[in-house]
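Hi,

Here is the model I promised to pass along. Have a look at it first, and then read on for my notes.

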Amino acid sequence: MKGLKQSTQTQVVFMLCILSLLVLPNLVASECTCDKSEETHDKAKALRFKIVALVSILMASTIGVCIPLLGKIIPAISPEKDIFFLIKAFAAGVILATGFIHVLPDAFENLTSPCLSDHPWGDFPFTGFVAMCTSMGTLMVDAYATAYFQKSHLQKAQVAVTDVEKEEEHVEKNDVDLHTHVTHGHAHGHVSSNKSSELFRHRVISQVLELGIVVHSVVIGITLGASMNSETIRPLVAALTFHQFFEGMGLGSCITQAKFKRLSVIVMGLFFSLTTPVGIAIGIGISNVYDDNSPTALIVEGIFNAASAGILIYMALVDLLAADFMNPKMQKNSKLQIGANISLLLGAGFMSLIAKWA
């Protein structure tokens, strides 16, 4: 039953991601109603940079998401070690800066473009509204999914205790043995429920985080793949390579704590690694009809970026940083707290600098 629920949730997340991959290119390939910027386009040179970007981002994404997953093989980076908290704090800083410094400003730029009509896009701050709604939506999904799982496990624990008590009515034992057995049954059910609830929460976190990252990665890939300006693409190659590497580390850390089955881990890792390269390939395919100044492209990219920013900011602050920084293990270790704070600042600062070129 648990495996079925896990599989269903994973399928829903991946279906949403695949839908975004299929729908977005068709929406952004529209006619232009705003003046195009005058740029010198060298298609052959731009294509070479795109291929380099595709290969390097694929390798960086794969390596980044795999590093935390090697905890079973390399004990030094397992979730029980202090270094894991430092790695996760650094990756969370990267994800937080990605949302605030990279994605959200792009969304504001898209939805406040002069290529859009003043009504309604100039009458209301749609970027902040979309980001706020997706943050609240992520909170609701997180809370309701966790509450549902806790209730279902509590009911199972109560049924198990009831079965034990009924069984004891037919067994002749002394009062001490009965009391010990019942107490053990309650304690075991409580501990098992807590562990299962925590595990399920990690699974929800990893799946929602992957959805937010994937939506953002699709937009990045299509935009880069559709660009014809080699001078614009060149700095993006290095910036996005580092960007995807550290985002992969953050996602890989969450997947590690979720303790998925091997097949689910492979599928989630591959899906993250392939999303941006596939987006680049789609962008190359639609580059002849794509215009990043068209109203439809600006609106779709802006809404997707704003939604992605809302998810990433919520996940980084609440599910990654708050959960780890309030962890009893970190609260009792002042050196680990200082190290995690420094790691967080380094991750956010590093990604903020990279965002200048991304």
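In which loop is the place of K259? K259 sits in the loop between α6 and α7 (262-285). I will come back to that residue further down.

First, some housekeeping. This is a predicted model, in which local features need pLDDT of at least 70 and side-chain atom pairs count only at pLDDT 80 or more, while totals for chains, interfaces and linings use all residues. Residues are numbered from 1 along each chain as its sequence is written, and side-chain values use heavy atoms, with hydrogens and water left out.

**Overall make-up**

The chain comes to ten helices and zero strands. Helices (H or I, at least four residues) and strands (E, at least two) are DSSP runs, numbered from the N terminus. Of the 358 residues of the chain, 47% count as buried. For accessibility, buried means under 20% relative accessible area, exposed over 50%, and partly exposed in between (1.4 Å probe, protein chains only).

**Helices α3 and α8**

Helix α3 covers residues 82-111 and helix α8 covers residues 295-325. With 30 residues, α3 reaches 42 Å from its first C-alpha to its last, close to the 44 Å expected at 1.5 Å a residue. For α8, the 31 residues reach 43 Å between the first and last C-alpha, close to the expected 45 Å. The expected span here is 1.5 Å times one less than the number of residues in the helix.

On burial, 21 of the 30 residues of α3 are buried, so α3 is largely enclosed by the rest of the structure. Helix α8 is mostly covered too, with 22 of its 31 residues buried.

How do α3 and α8 pack, at what angle and how far apart are their axes? The angle is about 155°, and the axes are 8 Å apart. Axes are lines fitted to C-alpha atoms, for helices over the stretch in contact, and angles run from 0 to 180 degrees between N-to-C directions. The two helices are therefore roughly antiparallel to each other (under 35 degrees counts as roughly parallel, over 145 as roughly antiparallel, 65 to 115 as roughly perpendicular and the rest as oblique). Their crossing is left-handed, a label used if the near helix is turned anticlockwise from the far one by less than a right angle, with right-handed used if clockwise.

**Salt bridges**

How many salt bridges does the structure hold? There are two, each being a side-chain nitrogen of Lys or Arg within 4 Å of a carboxyl oxygen of Asp or Glu.

- K88 and D324 meet through their side chains at 3.5 Å, N to O. K88 lies in α3 and D324 in α8, so this pair ties together parts that are 236 residues apart in sequence. K88 counts as buried at 4% relative accessibility, and D324 is buried at 8%.
- D82 and K329 meet at 3.6 Å, N to O. D82 lies in α3 and K329 in helix α9 (residues 328-331), so the pair links parts that are 247 residues apart in sequence. Both count as partly exposed, D82 at 33% relative accessibility and K329 at 34%.

**Another helix pair**

The axes of helix α2 (residues 43-69) and helix α6 (residues 230-258) come within 7 Å and cross at roughly 15°. That makes α2 roughly parallel to α6, and α2 passes α6 in a right-handed crossing.

**Loops**

Back to K259: its phi is near 55°, a positive value in a residue other than glycine. At 58% relative accessibility, K259 counts as exposed.

A cis peptide bond joins H119 and P120, with omega about 5°. P120 lies in the loop between α3 and α4 (126-169).

M326 lies in the loop between α8 and α9 and is exposed, with a relative accessible area of 62%. M326 and Q337 are eleven residues apart in sequence and 9.9 Å apart in space, C-alpha to C-alpha.

Best wishes
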